[in-house]
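I opened the notebook for a new chain today. Here is the model I was looking at.

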Amino acid sequence: MGSASFEAVSGARHSSFGPVEIDVGTIGEARIKRLIYPPGMRWSRDIKPLVGTGLCEHAHAGFLVEGALRFEFDDGCTLDYVAPAVVEVAPGHDASVVGDDRAVLIEVDFEAATLSRLGLPETHRHD
């Protein structure tokens with residue numbers, strides 16, 4: 001799996017949000033993001049206090065290129081992804097890094113218009 005080192009992405013803005021390292025580049029109207037989640041990170045423990053919502057209210061669409069992530073919904077449903085994997089997660093979830101390695105997610109979004117622009121459901125559903 002990936003190393004703990006961090007390399008800058010040319011043409012992207014870098015920031016940290018809690019324990020998460022984030023690089024954001026803009027292409028047209030879309031944002032392309034690299035999110036690096038450290039081992040042991042859990043949204044409800046590490047990010048929830050920073051945003052003040054009960055669950056993560058962002059949709060996630062992209063490629064998990066390193067590590068493993070688990071997304072949990074209030075109805076008890078869990079989505080487990082192990083790299084390499086295509087990731088599609090509706091808003092309203094908790095999330096955690098599984099295992100001893102970091103997780104790296106390459107994601108595309110349109111900020112507040114992500115759901116409509118990508119044609120994603122507004123809530124978690126079982127189809």
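Which residue in β7 does Phe-63 stand opposite? I found Val-86 there, facing Phe-63 across the strands.

**Ground rules.** I am working with a predicted model, in which local features need pLDDT of at least 70 and side-chain atom pairs count only at pLDDT 80 or more, while totals for chains, interfaces and linings use all residues. Residues are numbered from 1 along each chain as its sequence is written, and side-chain values use heavy atoms, with hydrogens and water left out.

**Overall layout.** I looked up the elements and got 3 helices and 9 strands. Helices (H or I, at least four residues) and strands (E, at least two) are DSSP runs, numbered from the N terminus. Along the sequence the pattern reads β-β-β-α-α-β-β-β-β-β-β-α. The radius of gyration is 14 Å, close to the 14 Å that the globule rule gives for 127 residues, so the chain is as compact as a globular protein of that length. That radius is taken over C-alpha atoms, and the rule is 2.2 Å times the number of residues to the power 0.38. I also noted that the C-alpha trace spans about 40 × 35 × 30 Å along its principal axes.

**Strand β4.** I went back to residues 60-66, which make up β4, and saw that 5 of its 7 residues are buried. Buried means under 20% relative accessible area, exposed over 50%, and partly exposed in between (1.4 Å probe, protein chains only). β4 has 5 bridges to β7, running antiparallel, and 4 bridges to β9, also in the antiparallel sense. Two strands pair if DSSP finds at least two bridges between them.

**Gly-62.** I picked this residue out of β4. Is Gly-62 buried or exposed? Its relative accessibility is 16%, so Gly-62 counts as buried. Its bridge partner in β9 is Glu-107. Not counting residues up to four places away in sequence, Gly-62 touches Ala-85, Val-86, Val-87, Leu-105, Ile-106 and Glu-107; contact here means heavy atoms within 4.5 Å. I also checked Ala-112: it lies 50 residues from Gly-62 in sequence and 17 Å away in space, C-alpha to C-alpha.

**The open sheet.** I traced 3 strands in the order β6-β5-β8, with antiparallel pairing. β6 (78-82) and β8 (93-97) are the edge strands, each pairing on one side only. β5 (residues 68-73) is joined to β8 by 5 bridges, and Arg-70 stands opposite Ser-96 in β8.

**The core.** Nonpolar side chains tend to be buried together in soluble globular proteins. The largest nonpolar core here has 23 residues, and those touching the most other members are Val-20, Tyr-37, Leu-64, Leu-69, Phe-71, Tyr-81 and Val-87. Such a core is a set of buried Ala, Val, Leu, Ile, Met, Phe, Trp, Tyr and Cys residues joined through side-chain atoms within 4.5 Å. Strands β2 (20-27), β3 (30-37), β5, β7 (85-89), β8 and β9 (103-109) each supply at least two of its residues.

**Last stop, Thr-114.** I found Thr-114 in helix α3 (residues 114-118). Thr-114 counts as buried, because its relative accessibility is 6%. Beyond four places in sequence, Thr-114 is in contact with Asp-109 and Gly-119.
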